[in-house]
Amino acid sequence: MHTPDWMARGQPHIWLPYAQMKTATPPLPVVRSHGSRLELADGRSLIDGVASWWTACHGYNHPHIAQAVRAQLDAMPHVMFGGLTHEPALNLARRLAGMLGPGLDRVFYTDSGSVAVEVAMKMALQFWLNQGERGRSRFLAFRGGYHGDTFGTMAVCDPDEGMHSLYRGMLAEHDIVDLPRTEGELAALEAHLEIHGARLAGILVEPLVQGAGGMLLHDPEVLRRLRRLADRHGLLLIFDEIFTGFGRTGTLFAFEQAGIRPDIVTLSKALTGGTLPLAATVASSRVFEAFWSDDPSHALMHGPTFMGNALACAAANASLDLFESEPRLAQAQAISTALAAGLEPCRELPWVRDVRVLGAIGVVELDGITDREALKRRLVDAGVWVRPFGNVVYLTPALTIAEDELASLMRAVVDVLRQRRP
């Protein structure tokens with residue numbers, strides 16, 4: 001691999017994510033992007049199969065988003081959101097409320113998905129405190145779940161299968177149980193809530209897909225069960241749609257497939273079309289009204305420095321324009337159909353446990369991966385950027401990926417997995 005001067009000079013000073021720096025393969029130097037392509041410093045072109053952690057839903061460098069950001073940069077890149085406001089942020093809040101539907105109508109901006117979930121948790125805890133209930137200090141979350149890497153969100157991730165077990169003794173304790181996929185699991189959850197429901201502030205779940213926990217799917221009926229249980233026990237229901245939001249599962253938001261609504265929803269990743277950091281925690285009127293008071297202590301005391309960043313809000317508004325003007329959901333369905341057919345040959349391999357598809361998400365679950373770095377290198381040699389984790393190889397391409405690029409992407413995955421056991 002050709003190493004440009006800027007990489008040789010800077011690499012000794014960078015700390016990379018999710019990597020043992022002593023042994024990890026050096027990252028690939030990207031010099032430009034376009035559509036579903038990443039161009040490397042040595043001239044190679046890779047088809048991006050994961051849309052930069054699922055963010056680049058419209059592909060890279062969409063001209064409509066780029067123009068909106070340029071115009072906003074000329075006018076005003078950022079002002080503090082404490083005591084000031086601006087048109088891009090308020091327009092975006094109004095539009096998000098409209099897209100989410102009746103009831104979810106108060107938008108709180110943050111910079112990242114992890115913080116958006118932390119804000120949702122703070123909202124739920126203070127919802128009860130503002131009404132004089134001090135015993136509801138825990139959350140119900142689920143095995144296989146992932147909600148972020150901050151201390152608050154690590155505490156509601158899967159404690160055994162996730163990446164945060166090192167911190168177990170330092171994290172707040174919450175109730176982590178099985179998702180009620182089966183009747184037996186539903187009965188166990190009902191029994192747990194009968195005993196412990198009064199100490200809970202809310203239920204937190206990734207709707208339809210537990211993403212970083214292993215790309216684990218569940219039926220919309222699971223969400224309906226959680227809504228009924230939340231209502232029965234008076235709990236707030238929080239949907240973490242940071243991965244699933246904005247068309248990834250085939251509907252604009254995953255919860256639409258269940259025909260129910262959460263009390264709080266978190267959004268990020270594809271919110272700006274993969275261009276700038278922005279997240280949102282959107283609460284129902286019921287939640288917001290618990291903070292509507294003459295008492296200053298009832299205010300939500302949270303405010304990131306770059307909250308409601310004007311550039312990011314301009315990008316997000318432009319991204320929503322594209323969902324309104326271009327056929328993203330139809331494209332997601334076409335990708336779903338292609339993934340189901342294109343990845344099916346993997347099912348014949350003796351080291352493949354499962355092949356599953358939902359919307360524009362395709363997953364090949366293996367019985368294990370002994371050398372993840374070697375597998376990534378083989379995929380790069382095949383002309384694609386795919387980043388396996390755990391025991392899964394997954395595809396979450398841009399919703400705008402061209403048919404021939406999607407075909408090449410799937411063919412590379414099948415061919416590499418056929419060559420030998422990963």
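## Notebook: a look through the predicted model

Entry 1: I began with a sheet of 4 strands, which is open, mixed in its pairing and ordered 1-2-3-15. Strand 1 (30-34) and strand 15 (384-385) are the edge strands; each has a single partner strand, so one side of each lacks a neighbour in the sheet. A reminder to myself: strands of a sheet pair through backbone hydrogen bonds, either parallel or antiparallel.

Next I checked how strand 1 meets strand 2 (residues 37-40). The two run antiparallel and are joined by 4 bridges. For a landmark on screen, I picked S33, which stands opposite L38 in strand 2.

**Entry 2: strand 12.** How many residues of strand 12 (residues 279-284) are buried? I found 6 of its 6 buried, so I am noting this strand as mostly covered. In a regular strand the side chains alternate between the two faces of the sheet. I looked for that here: A279, T281 and A283 point one way, while A280, V282 and S284 point the other way, and all are buried.

Then I looked up the strands that pair with strand 12. Strand 4 (residues 104-110) runs antiparallel to strand 12 and is joined to it by 6 bridges. In that pairing, L104 has S284 as its bridge partner. Strand 11 also runs antiparallel to strand 12, with 4 bridges between them. There I marked L267, which stands opposite A280.

**Entry 3: helix 12.** Which residues of helix 12 (residues 372-381) are buried? My list reads A374, L375, K376, R378, L379 and V380. I was glad to have the general rule at hand: an α-helix has 3.6 residues a turn, so residues three or four places apart point the same way.

I then asked what the buried residues of helix 12 pack against. They pack against strand 3 (45-48), strand 15, strand 16 (392-395) and helix 13 (403-419).

At the start of helix 12, D371 brings a side-chain oxygen to within 3.4 Å of the backbone nitrogen of E373. Just after the helix, G383 has a positive phi of about 90°.

**Entry 4: L399.** Is L399 buried or exposed? It is buried, because its relative accessible area is 2%, and the cut-off for buried is under 20%. L399 sits in the loop between strand 16 and helix 13.

I listed the contacts of L399, leaving out residues up to four places away in sequence. They are C57, F246, G247, R248, F323, R328, Q331, A332, I335 and A360. I also checked A330: its C-alpha atom is 9.1 Å from that of L399, and the two residues are 69 apart along the chain.

**Entry 5: salt bridges.** The count for the model comes to 25 salt bridges. E326 and R328 form a salt bridge, with their closest N and O atoms 2.3 Å apart. R328 is buried, at a relative accessible area of 1%, whereas E326 is partly exposed at 28%. I also noted a network of salt bridges with shared partners, which joins E344, R347, R353, D354, R356 and E365.

Another pair is R286 with D263, whose closest N and O atoms are 3.9 Å apart. This pair links distant parts of the chain: R286 is in helix 9 (residues 285-289), D263 is in the loop between strand 10 (236-240) and strand 11 (264-267), and 23 residues separate them. D263 counts as buried because its relative accessibility is 8%, while R286 counts as partly exposed at 40%.

My last pair is R168 with D160, at 2.9 Å between the closest N and O atoms. R168 is partly exposed, with a relative accessible area of 48%.

**Entry 6: a nonpolar patch.** Which residues make the nonpolar surface patch of about 460 Å²? I wrote down F151, L166, Y167 and M170. M170 lies in the loop between helix 6 (151-154) and strand 6 (175-177). M170 counts as exposed because its relative accessible area is 56%, and the cut-off for exposed is over 50%.

Key
Residues are numbered from 1 along each chain as its sequence is written. This is a predicted model: local features need pLDDT of at least 70, side-chain atom pairs count only at pLDDT 80 or more; totals for chains, interfaces and linings use all residues. Side-chain values use heavy atoms; hydrogens and water are left out. A salt bridge is a side-chain nitrogen of Lys or Arg within 4 Å of a carboxyl oxygen of Asp or Glu. Buried means under 20% relative accessible area, exposed over 50%, partly exposed in between (1.4 Å probe, protein chains only). Patches are made of residues with over 30% relative accessible area and no salt bridge: like charges are joined within 9 Å, nonpolar side chains (Val, Leu, Ile, Met, Phe, Trp, Tyr) within 5 Å. Accessible areas come from the Shrake-Rupley method with a 1.4 Å probe; for residues, only the protein chains shown count as cover. Two strands pair if DSSP finds at least two bridges between them. Contact means heavy atoms within 4.5 Å. A polar contact is a pair of N or O atoms within 3.5 Å; within protein, one must be able to donate a hydrogen and the other to accept it, and residues adjacent in sequence count only if both atoms are side-chain atoms.
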